[in-house]
Amino acid sequence: LEPAQAKQRWDELAAKYPGTKAARRAEEESAALARKLAAPVEKKVVQVETQASELVRPYGVGVDGDGRILVTDTLARAVHVFDRGRSRYIRVAAPDPGFSWPTGVDADVDGAIYVSDAGRGELLVFEPDGTYTRSIGKDLLERPVGVAINRRTNVVYVTDAKLHRVH
C-alpha cells in the first residue's frame with residue numbers, strides 16, 4: 001500500500017469505531033506505517049567512478065581474478081575494464097566489423113576476457129590488456145547473451161537466447 005492508502009484504511013477503521021482504544025491505536029499505527037512507507041530506502045550499490053562519457057549503455061558485468069571490473073556496453077559497442085587497484089581504465093574494442101551487441105563478459109584464470117556478442121553470434125577472446133586473440137563458436141552460437149567461466153576448471157559456459165540452451 002502507498003502511505004496515503006494505508007492511512008485511509010486506518011482512518012476508515014477509526015471512523016467505524018470512534019472513541020475506542022482500537023480507534024486510537026489505529027490512528028497511531030496509521031501514522032507509524034505512513035512514516036515507514038515514506039522513509040527513503042537505503043540503497044547499497046557499489047559504483048565505479050567514471051566519467052559520464054565512458055559508460056553509455058552498460059549491460060553485462062563481471063570481475064576477473066585481480067578484481068578488475070568488466071562491463072559490456074551495448075550502445076558504445078565496447079567493453080570497459082576498470083582496474084581500481086592500479087587506477088587504470090581500458091576500453092576493449094573488437095576487430096572489424098567491431099562489436100555488434102556485446103552482452104556478457106567474464107575472465108578466465110589467466111585474465112583473458114571473454115565477451116559474448118549477440119549480434120555477431122560468437123564469443124570474442126581478448127588478452128588482459130584488451131588485445132584481440134580469437135573468436136569462438138561462430139558455427140555453434142546464434143545469439144550468445146551470457147558467458148561464465150569456472151575458474152577452477154577453466155570451462156567456459158555460454159547462454160544462447162535464440163537456441164534456448166547453455167553451451
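Salt bridges, then. How many does this structure have? The count comes to five salt bridges. Keep in mind that this is a predicted model. Why do such pairs turn up at all? Side chains of opposite charge can pair when their charged atoms come close.

Start with Arg 68. Its partner is Asp 64. The closest N and O atoms of the two are 2.6 Å apart. Is Arg 68 buried or exposed? Arg 68 has 7% relative accessibility, and buried means under 20%, so Arg 68 counts as buried. Asp 64 has a relative accessible area of 5%. So Asp 64 is buried too, by that cut-off.

Next, Arg 120. Its side chain meets that of Glu 122 in a salt bridge. Here the N to O distance is 2.7 Å. Both Arg 120 and Glu 122 are buried.

Now the third pair. Which residue does Glu 142 pair with? Glu 142 forms a salt bridge with Lys 162. Their closest N and O atoms lie 3.6 Å apart. Find the two on the chain. Glu 142 sits in the loop between strand S8 (132-136) and strand S9 (144-150). Lys 162 sits in the loop between strand S10 (155-160) and strand S11 (165-166). The two are 20 residues apart, so this pair links distant parts of the chain.

Technical notes:
Residues are numbered from 1 along each chain as its sequence is written. This is a predicted model: local features need pLDDT of at least 70, side-chain atom pairs count only at pLDDT 80 or more; totals for chains, interfaces and linings use all residues. Side-chain values use heavy atoms; hydrogens and water are left out. A salt bridge is a side-chain nitrogen of Lys or Arg within 4 Å of a carboxyl oxygen of Asp or Glu. Buried means under 20% relative accessible area, exposed over 50%, partly exposed in between (1.4 Å probe, protein chains only). Helices (H or I, at least four residues) and strands (E, at least two) are DSSP runs, numbered from the N terminus.
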